[in-house]
Amino acid sequence: MNRADKFLLAGILLVSLLSLMGMYGLFSSAVNTTQAIVVVRGAIIRRITLPVAGKSTFVVQGRVGAATVEIEGDRVRMREAHCSGQVCVNQGWVSHPGQTIVCIPGEILVRIEGAAAVDAITR
Amino acid sequence: MKRFGTHRVVFLALLIAMGTALHVVEALLPIPLPIPGVKLGLANIVTLLAIYLYGFRDGLTVALMRVLLGSLIGGVFLAPGFLLGICGAFFSTLVMAALLRYTRCFTVIGISMAGAVGHNLGQLLAASLLLQSSAIIFYLPVLILAGIPSGIFTGYLLKTLIEHNHKTGILNYYNS
């Protein structure tokens, strides 16, 4: 290895470390914008940036009647719904990006969106 | 140097065969690190030797033929891994040929290192196009770092070969 090689090595290391730092900057800023999104019959009706202070509820009109969504801190649940299965209510709280509450009869969807994390890599 | 000199054609075929063998053997070796995409890159020696002897075009021929034949033997022809391999081989050949032609200051170790990093960047580019997602770019620092030791290792092997050639002139025979 001569001097030019060592400079190249140092340069590559520097680029790698800088990109690592850049990634972390990107990653942490993306994490801060977690949102709860409420979709009824295909249309987004509410977008709430999490976490919220305290506890709040609101009512959405689904296809088979009203449903109550409750938000507390950084988590969301379906508190009450007038559907037959009650699957959405029984699912309980969701808080992680990618988690979804779905009410099929009411056509209501509550989704947590946030940083696009890599799920898996195959080779 | 004739475009289709017999020595050259024969030696290119030998290089492709050696590269394919290294490629296949390397795929069989378990990697002790839990990081996908990291490997020794032994076949890179053959690509760099081809560029060193004959230039960019033949280096690219050797690299692409090696990936093609290696994937046919390994049974991953046209699988996602094959596309990553093609893209990686193309980028590393491009980087190494450019450095060999336009710079005088690097030794083969430096050039091999740049080639290994170029290979990983090409793979990452192909992977992000394939997955239609830029999230995989988070993997960039790891892959750049991983290219350094494997590049130094293969570069050192090639340096030994070229020093041997200075003593015996064995490669000059194939370069005629």
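A:Thr68 counts as buried, at 15% relative accessibility. Buried here means under 20% relative accessible area, exposed means over 50%, and partly exposed lies in between (1.4 Å probe, protein chains only). The model is predicted: local features need pLDDT of at least 70, side-chain atom pairs count only at pLDDT 80 or more, and totals for chains, interfaces and linings use all residues. Residues are numbered from 1 along each chain as its sequence is written, chains are lettered from A and ligands numbered from 1 in the order in which they are written, and side-chain values use heavy atoms, with hydrogens and water left out.

A:Thr68 sits in strand S4 of chain A. Helices (H or I, at least four residues) and strands (E, at least two) are DSSP runs, numbered from the N terminus. Neighbours within four places in sequence are set aside for the contacts of A:Thr68. Its remaining partners are A:Thr57, A:Phe58, A:Val59, A:Arg77, A:Met78, A:Arg79 and A:Glu80. Contact means heavy atoms within 4.5 Å.

Strand S4 also carries charged residues that pair with strand S3. A:Glu70 forms a salt bridge with A:Lys55, at 3.6 Å from N to O. A:Glu70 belongs to strand S4 (residues 65-72) and A:Lys55 to strand S3 (residues 55-62), so this pair links distant parts of the chain, 15 residues apart. A salt bridge is a side-chain nitrogen of Lys or Arg within 4 Å of a carboxyl oxygen of Asp or Glu. Side chains of opposite charge can pair when their charged atoms come close. The two ends of the pair contrast in accessibility. A:Glu70 is buried, at 1% relative accessibility, whereas A:Lys55 is exposed, at 55%.

A:Lys55 has a salt bridge with A:Glu72 as well, and here the closest N and O atoms are 3.9 Å apart. A:Glu72 lies in strand S4 and A:Lys55 in strand S3, so the pair ties together parts of chain A that are 17 residues apart in sequence. A:Glu72 is partly exposed, with a relative accessible area of 25%. A network of salt bridges links A:Lys55, A:Glu70, A:Glu72, A:Arg75, A:Arg77 and A:Arg79.

A further salt bridge joins A:Glu107 and A:Arg63, with the closest N and O atoms 3.0 Å apart. It connects two loops of chain A. A:Glu107 is in the loop between strand S6 (100-103) and strand S7 (108-113), A:Arg63 is in the loop between S3 and S4, and the two are 44 residues apart. Both are partly exposed: A:Glu107 has a relative accessible area of 36%, and A:Arg63 stands at 47%. Over all chains, the count comes to 10 salt bridges.

A:Val94 occupies the loop between helix H2 (87-91) and S6 of chain A. The residue is buried, with a relative accessible area of 2%. Beyond neighbours within four places in sequence, A:Val94 is in contact with A:Asp74, A:Arg75, A:Val76, A:Gln99, A:Ile101 and A:Ile112. One of these, A:Arg75, also belongs to the salt-bridge network.

Chain B follows the pattern α-α-α-α-α-α along its sequence. Its secondary structure comes to 6 helices and 0 strands. Helix H6 (residues 140-168) has 29 residues, which at 1.5 Å a residue should span 42 Å. Its end C-alpha atoms are 42 Å apart, in agreement. The expected span is 1.5 Å times one less than the number of residues. Just after H6, B:Gly169 takes a positive phi of about 70 degrees. Chain B has 176 residues, and buried residues make up 45% of them. Of the contacts in chain B with a separation of 6 or more, 71% come from residues 24 or more positions apart.

At the interface, 18 residues of chain A are in contact with 23 residues of chain B. The two chains bury about 1,800 Å² between them, 79% of it on carbon and sulfur atoms. Buried area is the accessible area (1.4 Å probe) that two parts lose on being put together, summed over both.
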